[in-house]
Amino acid sequence: MKQHISKVAIIGAGLVGSSTAFSLLTQGLCDEILLVDRDAERAHGEMMDLRDGIDYLGRNIRVTAGGYAGCGDADIVVITAGPPPREGQTRLDTLGLSKEIVRSIVGPVMDAGFSGIFLIVSNPVDLIAQDVWKLSGLPKSQVIGTGTALDSARLKALLGGLVGVDPRSVHAFALGEHGDSQMVPWSRVTVGGKTFAEVLRDNPGRFEGVDLDRLVHDTVQAGWEILKRKGTTYYGIATTAAGIIKCILHDENRIIPVSTLLEGEYGEYGVFCGVPAVIGRGGVQEIVRLPLTGAEEEKFHASCEVLRGFVKDL
């Protein structure tokens, strides 16, 4: 009996790539994981370490290390390779070097016969995803950046802690750039079915002085706070990537804010940025159009304009 073997190739076996592999492994999300890195010994070592724990997991997953040729039959290729921002830099400041690295990857992957879905983690993720889409020639639905998926999770964690509920009972999205210009459409934020505005109104003593701008600031700065304390971030983004991969391989049709190409949605054209999208077996199945207030639209367009200023450099 012929069976489809689900395979995820991860390019970049550093902390983010190896943590993504670990998350896939412990959740049992695919049949095979391939690690690819320019440091072949590093990739081989990570493969050995990951493989050693399989006896204590729920299922056997094949873990290998190799080259780009092994990406040809992958369902998903995850790109995590890229330089972390140095002190004083933004994610956008890493575009030049990230672009060089990614362009050395996409050609060999496509030459191997790859026709699956690219999941881009490398920063600046919106611009790198747009570059991979152009270089690969794949349909836009098959090139996805992690976008504001992690930012939205951070926002929900902040709001859940503030209100005192499980973050999974909070429905909120950060939109736009995965970076300093991202915005939050507060008119669309709900907690257990109540709008966040209603939660604040109905509990004036408890939530007096809540500053929405401060909450957005803390969401934007969360990654930098982690970086300041431990040098880099990897668990959060790795788990986020694994969640998106799960949606694809299991055809969940879950709505996640990812970076995808806008072609008229939200009044924007020709730019990748974070918007809620239905994620399933074909990648981005549909972009969800949230009704925004006039002020929210202005902030979203401003974030897209920041990204558009760099698109010409791709």
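This report describes salt bridges in a predicted model.

## Basis of the model

Because the model is predicted, local features need pLDDT of at least 70 and side-chain atom pairs count only at pLDDT 80 or more, while totals for chains, interfaces and linings use all residues. Residues are numbered from 1 along each chain as its sequence is written, and side-chain values use heavy atoms, with hydrogens and water left out.

## Salt bridges between separate elements

The structure holds 17 salt bridges, a salt bridge being a side-chain nitrogen of Lys or Arg within 4 Å of a carboxyl oxygen of Asp or Glu. One of them pairs Asp75 with Arg281, whose closest N and O atoms are 2.8 Å apart. Asp75 lies in the loop between β3 (62–65) and β4 (76–79) and Arg281 in the loop between β11 (269–280) and β12 (283–287), so the pair ties together parts that are 206 residues apart in sequence. Strands (E, at least two residues) and helices (H or I, at least four) are DSSP runs, numbered from the N terminus.

Arg103 and Asp131 form a salt bridge with closest N and O atoms 3.0 Å apart; since Arg103 belongs to helix α3 (residues 95–111) and Asp131 to helix α4 (residues 125–136), this pair ties together parts 28 residues apart in sequence.

## Accessibility of the partners

Buried means under 20% relative accessible area, exposed over 50%, and partly exposed in between (1.4 Å probe, protein chains only). Asp75 is buried at 9%, whereas Arg281 is partly exposed at 32%; likewise, Asp131 is buried at 1%, while Arg103 is partly exposed at 38%.
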